[in-house]
Amino acid sequence: MKKTIANWGQYPCLEADELHFREEEEIAEIIGKSASLIARGRGRCYGDASLGETVVSTTRFNKFISFDRDRGILDCQAGVSLEEVLKLVVPAGWFLPVTPGTKFITVGGAVASDVHGKNHHKEGSFCKWVLDFSLMNSKGEQVLCSREHNAELFETSCGGMGLTGIITRVRFQLKAIETAYIKQTQLKAANLKEVFQLFEQYRDVTYTVAWIDCLQSGDSLGRSILMLGEHAQAEELPRKLQQAPLQLSDKLKLSVPFNFPSFTLNSYSIKAFNFAYYHKLRKQQQSSIASYDSFFYPLDFVHHWNRMYGPKGFVQYQFVLPLHNSYEGLTTILQRISKKGMGSFLAVLKLFGPQEQGLISFPMEGYTLALDFPVCDGLFPFLDELDELVHELGGRIYLSKDARMKSSMFFRGYPGAVDFIRSLESFDPDHKFVSLQRKRLAIPA
Ligand SMILES: Cc1cc2nc3c(=O)[nH]c(=O)nc-3n(C[C@H](O)[C@H](O)[C@H](O)COP(=O)(O)OP(=O)(O)OC[C@H]3O[C@@H](n4cnc5c(N)ncnc54)[C@H](O)[C@@H]3O)c2cc1C
């Protein structure tokens, strides 16, 4: 039976068959029977990457296979969520090697988007830590993929947006921690120049991310708060927490780092929120101990916050610019946004290190900015203009957030697209794995 589905941005929506499975044999059967299909995890990509006429949800295929507590190696089915991983591994002194800004995604989705976190400049993206995975191909065969076995399929599937098949299980390396807490420091930056200087100054810190007030202009253009974080050592915790350093205290667990505005989002309300958020930080620099939940997943505290954008939904516009063009490029783009008055409630800036794997994986060395815009008249032509700027500056758009870019923008931004298509043609010549995004981007062109 068809149902209406949409991903996190609530745009686009479509009527689709959503199929579930619990056993491996059922996936092979689904693949055999369907003319075309696409894997879907928790639908946390913003746009249409996991939408299609037939979507195969992995969420019921969610068992742990093994956990080596000594070496920190986890093997699990692809539908296990990062939240479930954390519940299992944190009390044993391990953490995710890389995590996006929400824990409500699946491990399969983390591989297919090759997700990045606040530590990309130091520790790369998720697939760097993947030891191997199994993938069900278009013939319904299970293929073991790693850097040694079926290396081309491994490479094409890391960040391959589900187009090579359905990842069924993933084995990956975790990161050792002493506590479930983060030593965090927040720093105020008066403008973009200052925040770039701070990113440079704190380049050796493991986690860095800045929130930008994108409605500022003139000398305050790019006014930001930079957040730094390191996993806290046991002796750095307040005495009370030292008794059970790998357990989150209920008090800290529930501390919401900021309140969402309950009013309608428009440039006035966003300006008011940004003002309050920036000035809430009274000192120029402030340090504290935070739970991993509030440091990594502040947005997860508010379930369904995506609905505040109204029934038309929103798009997240995330681009990356090469390092040498990042400062000038971001200045120009922020000026355009500020002039247009299309403020984004959330505007997040991160520093990337080089791309290390995947043919169409998003990261490249430079700065990435993510902005949320409610869908409204004039938005898409405006984003097309920004696309042109991003292209001229040598950057690209993140496929996992995208719902609207043109095919030409994809091909211009991803030089690996040609090899990606060549591989797809050999692994899936009948084009079994098709998403709305794949159709929109005309892959293969
Ligand atoms: C609040 C929020 C914050 C976020 N922050 C970040 C961030 O900091 N960094 C970042 O990189 N991303 C971020 N994201 C995006 C999110 O991490 C990715 O889109 C992730 O891929 C979503 O995983 P999912 O399980 O929900 O998969 P879906 O959204 O359902 O699918 C995403 C893609 O993965 C494919 N896929 C899913 N499962 C499989 C499988 N088993 N086999 C093959 N292909 C599969 C789908 O076909 C699709 O192409 C954020 C999203 C939200 C909502």
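The dialogue below covers strands, a helix pair, a ligand shell and some backbone details of this predicted model.

Q: Which residue of β14 stands opposite Tyr207?

A: That residue is Gly229. The pairing to look at is the one between β13 (residues 207-212) and β14, which is antiparallel and has six bridges.

Q: At what angle do helices α11 and α12 pack?

A: The angle between α11 (residues 323-340) and α12 (residues 379-392) is about 165°, and their axes are 10 Å apart. An angle over 145° counts as roughly antiparallel, so α11 is roughly antiparallel to α12. The crossing of α11 and α12 is right-handed.

Q: Which residues make the contact between α11 and α12?

A: From α11 come Thr332, Ile333, Arg336 and Lys340; from α12 come Phe382, Leu386 and Leu389. Sorted by class, the contact of α11 with α12 has four nonpolar residues, one polar and two charged.

Q: Which residues come nearest to the ligand?

A: Gly41, Pro100, Gly108, Gly109 and Gly162 come nearest, out of 33 residues around the ligand. To place the shell on the fold, look at β3 (38-40), α3 (107-112) and β10 (166-173), each of which supplies at least two of its residues. By class, the shell around the ligand has 16 polar, 14 nonpolar and three charged residues.

Q: What should I look for in the backbone, and which residue is joined to Pro12 by a cis peptide bond?

A: The general rule is that most peptide bonds are trans and that most residues other than glycine have a negative phi. In this model, a cis bond joins Tyr11 to Pro12, with omega about -5°. Pro12 lies in the loop between β1 (2-6) and β2 (13-20). The bond from Ile443 to Pro444 is also cis, with omega near 0°. Pro444 is in the segment after α15 (436-440).

Q: Is phi of Met161 positive or negative?

A: Phi of Met161 is positive, near 55°, in a residue other than glycine. Met161 sits in the loop between α5 (151-157) and β10.

Technical notes
Residues numbered from 1 in each chain as written. Predicted model: local features only at pLDDT ≥ 70, side-chain atom pairs only at ≥ 80, totals over all residues. Pairing = 2+ DSSP bridges. Helix = DSSP H or I, 4+ residues; strand = E, 2+ residues; numbered from the N terminus. Axes fitted to C-alpha atoms, helices over the stretch in contact; angles between N-to-C directions. Parallel < 35°, antiparallel > 145°, perpendicular 65-115°, else oblique. Left-handed = near helix turned anticlockwise from the far one by under 90°. Contact = placed C-beta atoms within 7 Å. Nonpolar A, V, L, I, M, F, W, Y, C, P; charged D, E, K, R; others polar. Near = placed C-beta within 6 Å.
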